[in-house]
Amino acid sequence: MHDGYGLTLVSVWIGLVVWCDGEWFWWRSGWDNRRKRVVYARHPTVDPTRAAQRVAFRYADLQRNPPEPEAVKDLLPADAKDTRL
């Protein structure tokens with residue numbers, strides 16, 4: 001856990017970091033291919049139980065479909081069919 005700039009960050013798993021500013025929890029929930037940008041989910045801190053459930057669902061999703069390692073992705077051949085390690 002890291003604290004600074006009025007935020008607390010908790011690294012839950014590969015590709016899942018949860019931020020909190022005291023009012024909101026938020027985390028990366030996916031990728032918008034059309035807009036080429038990250039999509040974030042957020043939940044108010046007044047309901048931490050539901051926020052934890054939502055983070056747990058995201059965690060389970062990432063375990064089923066792990067993100068590609070960004071550092072290695074550029075090293076793979078362009079014609080590689082399965083780029084997951």
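Student: What should I know about the numbering and the model?
Tutor: Residues are numbered from 1 along each chain as its sequence is written, and side-chain values use heavy atoms, without hydrogens and water. In this predicted model local features need pLDDT of at least 70, side-chain atom pairs count only at pLDDT 80 or more, and totals for chains, interfaces and linings use all residues.

Student: Which residues make up the largest nonpolar core?
Tutor: In soluble globular proteins, nonpolar side chains tend to be buried together. A nonpolar core is a set of buried Ala, Val, Leu, Ile, Met, Phe, Trp, Tyr and Cys residues joined through side-chain atoms within 4.5 Å; buried means under 20% relative accessible area, exposed over 50%, partly exposed in between (1.4 Å probe, protein chains only). Here the largest has six residues: L16, V18, W27, A41, V55 and L62.

Student: Where does W27 stand in the strand pairing?
Tutor: Two strands pair if DSSP finds at least two bridges between them; strands are DSSP runs (E, at least two residues), numbered from the N terminus. Strands β4 (residues 24–32) and β5 (residues 37–44) are antiparallel, with eight bridges, and W27 is opposite A41 in β5.

Student: How many aromatic pairs are there?
Tutor: Rings of Phe, Tyr and Trp (its six-membered ring) pair if their centres lie within 6.5 Å; planes under 30 degrees apart count as stacked, over 60 as edge-to-face and the rest as tilted. The whole structure has three such pairs. One of them, W19 with W26, is stacked, at 6.4 Å centre to centre and 15° between the planes.

Technical notes. Helix = DSSP H or I, 4+ residues; strand = E, 2+ residues; numbered from the N terminus.
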